[in-house]
Every structure is written in structure tokens, then in C-alpha cells.
Amino acid sequence: MPDCLFCNIVRGEIPCHKVYEDERVLAFLDIQPVNPGHVLVIPKTHSANMVHMAPEDLHAVMDAVQKIAPALLRAVGFEGFNLGVNTGAAAGQVVFHTHFHVMPRRPGDGYELWHGTEAGDLAAMAEKVRGAL
Ligand code: 5GP
Ligand code: ZN
């Protein structure tokens, strides 16, 4: 995709701080990290979001996350991480090339990613979702 920021990064036309690369996957530091060592893991082949990814790319990205995350935590001295995938503008997606955020976390770092709300009728909701699948 010529106008896609992350495709440009994959092609090397825009620089990045690469931490990992293989045949299908590139991982590099986010320029606005939520914590030090915030990494973006992306498929090299363009897709707008993870729903549209080829399964082979999804598997390769997940394999890379599993490989990168423990090393990342050792490197930055953090204890845990959140894996984030903003999908759609309503969910905060800004770059429409699939990317997985790996965000190192430590106790007391001040981030609260979501609040639970009243569950309502869970049985009805589960039925609705099963019906949609
Ligand atoms: P989204 O909100 O789409 O899930 O996340 C896009 C992410 O890309 C943001 O965290 C943002 O900081 C990061 N980002 C945007 N432009 C660039 C860039 O040019 N280089 C790098 N390394 N990260 C970028
Ligand atoms: Zn792209």
C-alpha cells in the first residue's frame, strides 16, 4: 500500500528502531511509548486490521510476540506486559495497517486500561453472540 505509514516502514522508506524481523514480521519501537520498550509487532504484508489478516501472518505475528515479549521484559526490567490491538477508529486505531502493541508494565505505573461495568444479562448476551457466529 503506497500511502500506508507502516508499509513505508516495512520498505525502509521511513526509518524505525527495529527490534526483530523475520520473513513475515517486523517489530519496532513505538515513537510514543506508554512505557519504555513499547513495541509494535506488524505483518509485513498489508492488512487494515487483524480481522483481515492472512491466518499465516496472524500465526507468525503471535509467534513473534511470544518470542519478543520475555526478552523485552528482561531488557527493560519490567514484570508484565499488555498486548493491545486497537481495531477500528472507535477503538482508537489510528494507523490502518495491522499492529500489535506489546506494552511493558510494572506495578504502580499508573495505567488503568479499562473499567468493568454492570454485567447485565450475560446469558442473553452469550446467546446473541453465538447467534452471530
Ligand atoms: P493505533 O492507535 O493505531 O493502535 O497505534 C498507532 C501507533 O503507532 C501509536 O502508538 C503511535 O505512537 C505509533 N506511531 C505512529 N506513527 C509512528 C511512526 O512513524 N513510527 C513509529 N515507530 N510509531 C508510530
Ligand atoms: Zn500497510
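Start by selecting leucine 133, in the segment after α3. Is leucine 133 buried or exposed? Leucine 133 has a relative accessibility of 86%, so it counts as exposed. Keep in mind that this is a predicted model. Leucine 133 and cysteine 4 stand 129 residues apart in sequence. In space, their C-alpha atoms are 31 Å apart.

**The whole chain**

Zoom out and switch to a cartoon view. The protein chain has three helices and five strands. Read from the N terminus, the order is α-β-β-β-α-β-β-α. Along the principal axes, the C-alpha atoms fill a box of roughly 50 × 40 × 25 Å. The chain has 133 residues, and 35% of them are buried.

**Helix α3**

Next, select helix α3, residues 122-132. Show the side chains of glutamate 127 and arginine 130. The two form a salt bridge, with the closest N and O atoms 3.0 Å apart. Both residues lie in α3, three residues apart, which is about one turn of the helix. Check how open each one is. Arginine 130 is exposed, because its relative accessible area is 52% and the cut-off for exposed is over 50%. Glutamate 127, at 48%, counts as partly exposed.

**A link across the chain**

Move to arginine 24 and aspartate 57. Here is another salt bridge, with 2.9 Å between the closest N and O atoms. This pair joins distant parts of the chain, 33 residues apart. Arginine 24 sits in the loop between β1 (18-21) and β2, while aspartate 57 belongs to helix α2. Arginine 24 is partly exposed, with a relative accessible area of 34%.

Select lysine 18 and glutamate 21. Their side chains meet in a salt bridge, 2.6 Å from N to O. Glutamate 21 counts as partly exposed, because its relative accessibility is 40%. Lys18, Glu21 and Lys44 are linked in a network of salt bridges. What brings such pairs about? Side chains of opposite charge can pair when their charged atoms come close. How many salt bridges are there? The count comes to six.

**A nonpolar patch**

Methionine 62 comes from helix α2, residues 55-76. Its relative accessibility is 30%, so methionine 62 counts as partly exposed.

**The largest pocket**

Finish at the largest pocket, with a volume of about 710 Å³. To find its centre, select Asp30, Gln32, His38, Leu40 and His101, the closest to it of the 31 lining residues. Then colour the elements that give two or more residues to the lining: α1 (5-11), β2 (25-29), β4 (80-84) and β5 (100-105). What classes of residue line this pocket? The lining has 19 nonpolar, 10 polar and two charged residues.

Methods:
Residues numbered from 1 in each chain as written. Chains lettered and ligands numbered in written order. Predicted model: local features only at pLDDT ≥ 70, side-chain atom pairs only at ≥ 80, totals over all residues. Heavy atoms only, no water. Helix = DSSP H or I, 4+ residues; strand = E, 2+ residues; numbered from the N terminus. Buried < 20%, exposed > 50% of the residue type's maximum accessible area, 1.4 Å probe, protein only. 1 Å grid on protein atoms, 1.4 Å probe; cavity = no way out; pocket = protein on both sides within 12 Å on 5 of 7 lines; lining within 4 Å. Points joined across faces, edges and corners; volume = space filled by probe spheres on them. Nonpolar A, V, L, I, M, F, W, Y, C, P; charged D, E, K, R; others polar. Salt bridge = Lys/Arg side-chain N within 4 Å of Asp/Glu carboxyl O.
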